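Work through the exercises below with the coordinates open. Each task is followed by a solution in steps.

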Amino acid sequence: MAELANGVASPPVQALLAPPVSWPPTLVVVIDTEEEFDWTAPFDPASTAVSNIDLQPLAQAVFDAHGVVPTYVVDYPVASTPQAAAVLRAIAADGRCDIGAHLHPWVTPPAEGPVDTRHSYPGNLPAALERHKLTVLTDTIAASFGARPTVYKAGRYGIGAATPATLRALGYAVDVSVVPHTDFSADGGPDFRGAPEGPYRIADGLCELPLSVHFVGRLASQGPWLFHRLSAHPARRLRLPGVLSRLGLLTRLRLSPEGGSLTEMTRQTRAALAAGTRLFMLTYHSSSLLPGATQYVRTEADRRHFLATLDGYLHVFLAELGGRADTVTRVAAALMAGQAPGR
């Protein structure tokens, strides 16, 4: 993993793990399950309220109705708060969800190192400190949920050079931190522009399942090359990416009900399917179920719309597109073994 001027590159590709064409369209769901905090304010170790966890059954009911088993990647404030852990533990006990880990370093013991934007990406911490914090988080999750997590998502997508080795040492099998076609290096985060859209192995025994990010529009085939040149400072100042999007030429979409409409999510999925994609990952933040906690859901009406979008997309994917849903762990294990899911 090469160092960049302001951040780190995406994890190295040991081997691509492309799903075979015999796979039906397959969907996994990953929920960043975390405390509420002001995303526009400096990072505050004291912002650890997790009242949004009491609201997770609202979305879980949608998943249950479609037979979808999501993975809640939980961070330290959630795992260490008995009431919050109990909400998710009850769902997991029925086999209706899986529990993974999500490292927000500024609220995870030990309280060492700077609290700033660069170090909010856990992969930018000294390797020993990242490992210490991830060990504490892993042990806390194991104590709260009765099993050690094997799925990891770095806070702010901040996987670093030392992260894969740490994950393997702690028994993780899957990372879900990579955001293809996206560059976070302006404030010290990783640059994922060179990362594959599909799954790959990043270390022996460690599978990377990237978030679903795709280009749509008449210039979609040139998206990876064109979008990032248009996003460079002079082009951004001229708002060229927005112009191309409005003209229907090129739009980058992330598969999420946060800021994505049902129309956009369906359009993204259909375009990706036509391009040969077989595996999709839907993501959002747990705090979006608490009105006012994120920019995506400000009111009760917004939340109803959010849940309706989630429900509508699952219907489209599973009923209209002939897709199936599976868990992160099962899909990753099948890919690593070269099998179809569920075998």
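The model is predicted: local features need pLDDT of at least 70, side-chain atom pairs count only at pLDDT 80 or more, and totals for chains, interfaces and linings use all residues. Residues are numbered from 1 along each chain as its sequence is written, and side-chain values use heavy atoms, with hydrogens and water left out.

**Exercise 1. Overall fold**

Task: Find how many helices and strands the protein has, and compare its radius of gyration with that of a compact globule.

Solution. Step 1: the protein has 11 helices and 12 strands, where helices (H or I, at least four residues) and strands (E, at least two) are DSSP runs numbered from the N terminus. Step 2: the radius of gyration is taken over C-alpha atoms, and the globule rule is 2.2 Å times the number of residues to the power 0.38. For 343 residues the rule gives a value near 20 Å, and the protein, at 19 Å, agrees with it. Step 3: the C-alpha trace spans about 50 × 45 × 45 Å along its principal axes.

**Exercise 2. Burial and contacts**

Task: State what share of the residues is buried and what share of the contacts joins residues at least 24 apart.

Solution. Step 1: buried means under 20% relative accessible area, exposed over 50%, and partly exposed in between (1.4 Å probe, protein chains only). On this scale 53% of the 343 residues are buried. Step 2: a contact means heavy atoms within 4.5 Å. Of the contacts between residues at least 6 apart in sequence, 74% join residues at least 24 apart.

**Exercise 3. Aromatic rings**

Task: Classify the ring pairs that Trp39 forms with Phe37 and with Tyr296.

Solution. Step 1: rings of Phe, Tyr and Trp (its six-membered ring) pair if their centres lie within 6.5 Å; planes under 30 degrees apart count as stacked, over 60 as edge-to-face and the rest as tilted. The structure holds 10 such pairs. Step 2: the centres of Phe37 and Trp39 are 6.3 Å apart and their planes meet at 40 degrees, so this pair is tilted. Step 3: Trp39 and Tyr296 are 6.2 Å apart centre to centre with 70 degrees between the planes, an edge-to-face pair. This second pair links distant parts of the chain, 257 residues apart: Trp39 is in the loop between strand E2 (26-33) and helix H1 (56-66), and Tyr296 is in the loop between strand E11 (279-285) and helix H10 (300-320). Step 4: Phe37 counts as buried at 16% relative accessibility, whereas Trp39 is partly exposed at 33% and Tyr296 is partly exposed at 30%. Step 5: Phe37, Trp39, Phe43, Trp106 and Tyr296 form one aromatic cluster.

**Exercise 4. Backbone angles**

Task: Describe the peptide bond from Pro109 to Pro110 and the phi values of Arg156 and Tyr157.

Solution. Step 1: most residues other than glycine have a negative phi, and most peptide bonds are trans. Step 2: the bond from Pro109 to Pro110 is cis, with omega near 0 degrees; Pro110 is in the loop between strand E4 (98-103) and helix H4 (127-145). Step 3: phi is positive in Arg156, at about 60 degrees, and in Tyr157, near 65 degrees. Step 4: Arg156 lies in the loop between strand E5 (151-154) and helix H5 (163-169), and Tyr157 is in the loop between E5 and H5. Arg156 is partly exposed, at 28% relative accessible area, while Tyr157 is buried, at 11%.
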